[in-house]
Each structure stands twice: as C-alpha cells, then as structure tokens.
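Hi,

Here is the structure you were after.

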Amino acid sequence: MSETIHHPLDDAATDPFEVAARAARDIARLTGVEHHDIALTLGSGWGKAADLIGETTATIAATEVTGFSKPALAGHVGSLRSILTPKGTRVLVIGARTHYYEGHGVRRVVHSVRTAAATGARTMVLTNGAGGIKSTWSPGQPVLISDHINLTGDSPLEGATFIDLTDLYSTRLRDLARRVDPSLDEGVYCQFRGPQYETPAEVRMAKTIGGHIVGMSTALEAIAARQAGMEVLGFSLITNMAAGIQTTPLSHQEVIEAGQQAEPVISALLARVIGEL
Ligand code: HPA
C-alpha cells in the first residue's frame, strides 16, 4: 500500500530537531518516564538484549510517536521500550530502525537518534547485523565498531554544519565493553546504501580502504548522535562473511538465522555492557 499520509520530516522547511522534540514529549507521555539516560538501537540478532537489561516499564508502538515510520522488515520490531536497570538507569530501546535503503531520506533514518537525544540520553548504543571482512572472524561473532567509512554519499547534517568525528565510537566505551568481554575484537564499519548486498569487488574495495565490516546502517545514525552531543558505542554481529570472502551466495534468511543463533550470547553480552554504562 502506498503511503499517502503526510510525514512531518518530509517538509524541508520543518526543523527535524523540533520534530524530535515532539517525539520525545510523546515518549515521556506514553511511557511516564520524563528522562532517559541511554538509548539502544537493536539490529538483527540483538533483539533479546532488551529482556536482560532490566525491567520493562513501558512498551509503545513506534507508530504512536511523532515522525517514526513503519519498519520495512518483518524482522525489525516496530516498538519502543522504556527499561529501568537494577542501577536505576533509564534505557530507551529502539526496535524500529528506518534504513537508508528505504528511500525516505536521511532525516527519517536518524530521527530515532535525535529523539533519543531529546529524551535526555547522553549515550547512544547502536547495534547491527553485518558482513565480516577480517579473515579471523566467523559468523555469529560480535565485534566492536572502532570507526566508520560512510559510503552512502549522504549525511544527516544539513547546511554548513561542521562536526568533528574524531573518536566517534568512544574509546572509553570500547574499553569498558572489553572489560566485560576481553575477547571482543573491533573493526571499521563501512555503510553501503544497499539494499543489495555488496559485490565481491565492492568488498575488496572496502578492505583496501580500511574497512572490516560491511552493512547498511549505523554510520549515518552515529553522525547524528555525535551532532547531538552523545557518546556512541557500536556493535556489529557478524552474520556472514562478506561477499566474495564467503564463496556461497548471501541470503537474508542466512543473516536472520545467524542472528537467531547468536542472539542469546550476544544479548547477554550487550546487557552486561549496558549494566556498566
Ligand atoms: N552486507 C551488508 N549488510 C549486511 C550483510 C552484508 O554482508 N550481512 C548482514 N547485513
């Protein structure tokens, strides 16, 4: 069904931060929680983490919140949860990622991040399922994102907005994650536009320019998080070896299954890391 409803972010004259502020007020009203400390976006394979972080005090449909689009994929849960950790930290769990490849523009892609910042969150944890390039990795393995290469050719920043991206994926938070799991390796995430998976030549290019992980999310969101002054922590679940590195064809089904298999282990890891933040 084609979308006929006007979307508040589609009007160039609208201030996306004003829409995010409205969304944050919706979240406060619907959850009864005025302020969140940490925001967490759950990508493929990471969904169970929410249950392990603490007590869910409210679950709301993303469609009830200003500016949130319906998720394009069945595997992507269109809900927002407010969780109270044993330490008393309020975590906003975003199960409703809008991908760049959906073609609704970068404002919608980063709206959840800007909304999280508007709820008060100072830490943004971004997770995804992605292809691995490093030969020492295997499917099912979680890795930290140490930096990114944005290959979308787009940016969430509008106009002459110059933002420093040094240490975008916080060294402090990566060190903290490695204290929880010293075996965590890390790598540079390359965001491609998608939705097609990369060609083997594109994967070779990504490797040549310093990439270790290929995926279709996260980099644009991390830039928006930094613009909002948040500290960013990024995790990729390696769901498959990138095209050409694995010799068998890539399939969405394989990605989903790798996520499901790894889910209990990586969700427990993520919950422990969140507990330390
Ligand atoms: N490439 C891009 N995105 C992905 C991949 C991949 O190999 N695996 C899961 N998401």
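Let me start with Leu144, which is buried, with a relative accessible area of 0%. Bear in mind that this is a predicted model. You'll find Leu144 in strand E6, which covers residues 141-150.

What does Leu144 touch, once residues up to four places away in sequence are left out? The list is Arg174, Ala177, Arg178, Leu184, Asp185, Glu186, Gly187, Ile213, Leu233, Gly234 and Phe235. For a sense of distance, take Ala117: Leu144 and Ala117 are 27 residues apart in sequence, and their C-alpha atoms are 22 Å apart in space.

Now the whole protein. Its secondary structure comes to seven helices and nine strands. The radius of gyration is 17 Å, close to the 19 Å that the globule rule gives for 277 residues, so the protein is as compact as a globular protein of that length. Along the principal axes, the C-alpha atoms fill a box of roughly 50 × 40 × 40 Å. Of the 277 residues, 55% are buried. If you take the contacts with a separation of 6 or more, 81% of them are between residues 24 or more positions apart.

On to the helix pairs. Helix H4 (residues 171-180) and helix H7 (residues 252-276) have axes that come within 9 Å and cross at roughly 125 degrees. That angle makes H4 oblique to H7, and H4 passes H7 in a right-handed crossing. On the H4 side, the residues involved are Leu176, Ala177 and Val180, and they meet Leu269, Arg272, Val273 and Glu276 in H7. Sorted by class, that contact has five nonpolar residues, no polar ones and two charged ones.

H1 brings Pro16, Phe17, Val19, Ala20, Ala21, Ala23, Ala24 and Ile27 to the contact, while H3 brings Arg107, His111, Arg114, Thr115 and Ala118. By class, the residues of this contact divide into nine nonpolar, two polar and two charged.

While you're looking at H1, find Asp26, which lies in that helix. Is Asp26 buried or exposed? Asp26 has a relative accessible area of 11%, so it counts as buried. Leaving aside neighbours within four places in sequence, Asp26 is in contact with Glu64, Val65 and Thr66.

Last stop is helix H6 (residues 219-227), which is mostly covered, with eight of its nine residues buried. Those are Ala219, Leu220, Glu221, Ala222, Ile223, Ala224, Ala225 and Arg226. What do the buried residues of H6 pack against? They meet H3 along with several strands: E1 (38-41), E5 (123-132), E6, E7 (186-191) and E9 (231-241). One more detail for when you zoom in here: H6 is followed by Gly229, whose phi is positive, near 85 degrees.

Cheers

Key:
Residues numbered from 1 in each chain as written. Predicted model: local features only at pLDDT ≥ 70, side-chain atom pairs only at ≥ 80, totals over all residues. Heavy atoms only, no water. Axes fitted to C-alpha atoms, helices over the stretch in contact; angles between N-to-C directions. Helix = DSSP H or I, 4+ residues; strand = E, 2+ residues; numbered from the N terminus. Parallel < 35°, antiparallel > 145°, perpendicular 65-115°, else oblique. Left-handed = near helix turned anticlockwise from the far one by under 90°. Contact = heavy atoms within 4.5 Å. Nonpolar A, V, L, I, M, F, W, Y, C, P; charged D, E, K, R; others polar. Rg over C-alpha atoms; globule rule 2.2 N^0.38 Å. Buried < 20%, exposed > 50% of the residue type's maximum accessible area, 1.4 Å probe, protein only.
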